[in-house]
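The sequence and the coordinates are shown first, and the description follows.

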Amino acid sequence: SNEIDYQCWLNYEHIKDQSLLNEYAKYLKNIVINENSYIIDSIKDEIYYSINKILGISPLINNYTNSNKFITISKIGKNNLVDSFLKDEEIIAIDEEGFLIKTVNSHDKKFIIVTSKSDNGLLYGTFYLIRTLQEKKLLDDLYVLENPKTPLRMINHWDNLNGNIERGYAGKSIFYRNYELVDNLDRIRDYARLLSSVGINAISLNNVNVGKEEARLIDDKIYIVETLYEIFKRYGIKVFLSVNFASPIMIGGLKTADPLNKEVNEWWKKRANFIYDHIPEFGGFLVKADSEDQPGPYSYNRNHADGANMLAEALAPHNGLIIWRAFVYNCYQDWRDQNTDRAKAAYETFIPLDGQFLDNVIIQIKNGPMDFQVREPVNPLFGGLKKTNQILELQITQEYTGQQKHLCYLVPQWKEVLDFDTYLFGEGTSVSEIISGVPFNSKKFGIAGVSNVGDDTNWTGHTLAQANLYGYGRLTWNPELKSSQITDEWIKCTFGNNSKLLENLSNMLQNSWTIYEKYTSPLGIGWMVNPGHHYGPNVDGYEYSRWGTYHRANHFGIGVDRTLKSGTGFTRLYQQPNFEMFEHLESCPEELLLFFHHVSYIYKLKNNKTLIQHIYDTHFEGVEDVQELINQWIELEGLIDNKRYQDVLSRLLEQKEHAKEWRDVINTYFYRKTMIYDEKCRKIYP
Ligand code: GCW
C-alpha cells in the first residue's frame, strides 16, 4: 500500500530543497556493498527504496565504485578499504549488534562507512543512515557509534489463529485469518521493516493464552510459522511461539503434563527437535502458566522452576530460550479478604525460586505489580531477583489507556519505569540497568512489548498511536534516550519537520498520558473500568469481583493500605530506601498515593487541596485539556495531509466526549459517597 498512514515513519518524504538534494545525491548515487546474505538483500532493498523516494534517483549498488563520493556498507573484515579506516578502539567498541557510521577522507575521495560485526548491525546502521536523511541532517561529518543497550528487544503478539487479537484495537491480525496465514505477506514484510528500523530483534507470534488450534503451531500447523520465520529472519528478527503448558495432553495424547514425568520430558524434546528441523533459528517459547486459568506446573504440585526448567532442557541443545511470564496470581479472590494482595503475587511466587532457573530461562515481568494500569509503581521483582534472567514486559496496546481511541503517548510512562532506581545492587541499579543484563554479566535480558498493531490501514487505529510503537522500539535500543528526542524523531519521519507541527504535536504527545490520567482513576489506584472489555468508566466495576483489583472506597476514604505497619505489607518488597519512601504517607509520591495508602477524602495534598477536591479538579481539568489537544491539532490543518488530519481529529473529538463521561461518572460517584461539595460549585451530575 502506498497510503501515507500505512508507511508510518518509513514514508520517506521526497526532499524539495534543491541544494540539500544535490548534497545528498553526491554520496547516495553510489552504494558499495560487497557481501551477500538474506539480511544484506534487505539492506539493498531498503537503501534502494528509500533513496528513490527521498531523492528521486535510483542509486547504483555495486561491489565497487570509481566515484569519489559514495556510501559503503560492509561488515568488519569484508572490505579492505573500510578496514583500513577502522581504529582498533573502534573495532573493540562495536558490540555484536552495534554499528559505526563515519564520513572519511582519503586523497581525492570522501565517503561514508557503515560497518558492524553482524548483518543485524549493518541493518540497524542502514536504517540509522536513512533516518539521518529523513531528519535532513548533513552527511559531511558523520560520526556515530551505537550499540543496543538491551540484548533482547522483543514484540509480543496476542494474535489468535482465527484472526482476532486479544486486546487489539486496530482491526484483525496481520498474520492469521480463519486458522491459516493471511494472503497479504507483503504487509508482514512491511511490519518486519518497521520493527527492525527501530531495532527490534525478536517477535512472539501468537497469544500467550494458547488455545487448541494455536497449540498446533508446534505440530501440524508449523508451516504457518515457517513462512513467518522466512519473512522475519530477513530483517534480523527471531521468531518465538507462545505454548500451552498442557500441550503434551492437548496435542500429544499424553495423560499428564507433569514437568517431572519422563514421558512428558521426552515429548517436549521430540517437539523441540521437530521445531528446529523446520526452523533452524527458532528463538524459543513464551509461556503463561498457572495464570488466569492457563495450565501450569501447579496442577501437578510442582513449582515454576520445575516447569520452566523442563522446557528449557528440551530447547537447550538448540540454543532456544524459555521466556516464562511472572504474571501469576490468584484470580479467584474474595473481595472481603483484606490480607491477600494481588500486587504481592509475582514476588512471592518467584523470589523463593531465584537462582533455581536454568541459564536459558528468562522471567518476563510486567512493569507494574498489577496489570498495565495508567500508573503503577515498578514491580518489586525488579530489585528482588538477583540470580535470574529478566525481561521487562510493557503494553504498547492501549488496553487500559484509551484503547487507541484516546491519545495516550506512553513513552513518558515507560521512561519512568526504566529510570526507576531499584537499589538492587545499591544506588544506581535502575530498571534499564537491570534489563541491559550488564550487572548480571548476561545477554539473556531485555524488553518485550505487547504489540498495538492490527490490519487497519494505519496499523494502530489511532494514527498517533504509531508513535507508541516507534517509541517503544527506540527505547528498547536505548532506554536512556530522552522522551523529547524520540518524539521529535518520530514526528519528523512521520509528518516532516515544519516547526509549528513539531511544537504542537510534541506538546500533544508529551502531555497526553497525564491528561488521560487526570480524567480516569486517581492517584495510582487504577481500574474503575467496565469489566471484560475494560473501556470506559465504572468505579465499582471490579470492586466486588474475584480479580483482586480493589480501590476500597467508602464514605470516609479511598485507597489500598499496602503498608507494612497497617496494611498488606507490599511496601516491604522494595529495597531501601524505596520501602521507606512508599511506606509513609508523607514521602509516598503523590501520584501513587492511593496505590499504597488508604486516605481520607479530607486529607490535604502537598498543594493544600483536599483529596476530594483534587479528584474533582483533575477531572474537570482533564476534559479542558482534551479541548486544548483539539485546539493544537486544529492549528495543524494544511500542514499535514488531509487524510491523517481528519482521522486524528475525529478520534480527538470522540476522546473529548468520552473524557466527559469519565469526568461525570467519577465525580458523581465520589460526590455521592462523600457528600462533600465541590469548592468551585461546578455542576456534578446527580
Ligand atoms: O491485562 C490482562 C489482559 C488479558 C491478558 C493478560 C495477560 C493475554 O486483560 O487479556 O491475557 O493480562 O497479560 O496475560
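This is a predicted model: local features need pLDDT of at least 70, side-chain atom pairs count only at pLDDT 80 or more; totals for chains, interfaces and linings use all residues.

## Sheet and helix packing

The strands concerned are β4 (residues 99–106) and β6, which pair in the antiparallel sense over four bridges. Helix α6 (residues 119–134) packs on the sheet and touches β3, β4, β5 and β6. The direction of α6 makes about 65° with that of β4.

The sheet itself is open and has six strands in the order β2-β1-β3-β5-β4-β6, with mixed pairing. Its edges are formed by β2 (60–62) and β6 (143–146), each of which pairs on one side only. On average, and with direction ignored, neighbouring strands of this sheet are turned by 20° against each other.

Strand β3 (residues 69–75) is largely enclosed by the rest of the structure, because six of its seven residues are buried; a residue counts as buried if 20 or more other C-beta atoms lie within 10 Å of its own C-beta atom. Strand β1 (residues 30–32) pairs with β3 in the parallel sense over two bridges, and V32 stands opposite T72 in β3. The pairing of β3 with strand β5 (residues 109–116) is also parallel and extends over seven bridges. There, K75 has S116 of β5 as its bridge partner.

The UniProt record, an unreviewed entry, lists residues 8–128 as "domain: Alpha glucuronidase N-terminal". In the model, this span is 40% helix and 24% strand, and its end C-alpha atoms lie 16 Å apart.

| Helix pair | Packing angle | Axis separation |
|---|---|---|
| α18 (residues 499–519) and α21 (residues 611–634) | about 160° | 9 Å |
| α7 (residues 185–197) and α9 (residues 222–233) | about 45° | 9 Å |

Angles over 145 degrees count as roughly antiparallel, and α18 and α21 are therefore roughly antiparallel to each other. Their crossing is left-handed. The contact involves N504, N507, M508, I515, K518 and Y519 of α18. On the α21 side, the contact residues include T618, H619, E621, G622, V623 and D625, together with V626, L629, Q632 and W633.

Helix α7 passes α9 in a right-handed crossing. This contact is made by L185, I188, R189 and A192 of α7 and by L228, I231 and F232 of α9.

How values were computed:
Residues are numbered from 1 along each chain as its sequence is written. A residue is buried if 20 or more other C-beta atoms lie within 10 Å of its own, exposed if 12 or fewer, and partly exposed in between; C-beta atoms are placed from the backbone. Two strands pair if DSSP finds at least two bridges between them. UniProt positions are given in the numbering used here, feature names are shortened, and annotations may be inferred rather than shown by experiment. Axes are lines fitted to C-alpha atoms, for helices over the stretch in contact, and angles run from 0 to 180 degrees between N-to-C directions. Angles under 35 degrees count as roughly parallel, over 145 as roughly antiparallel, 65 to 115 as roughly perpendicular and the rest as oblique. A crossing is left-handed if the near helix is turned anticlockwise from the far one by less than a right angle, and right-handed if clockwise. Two residues are in contact if their C-beta atoms, placed from the backbone, lie within 7 Å.
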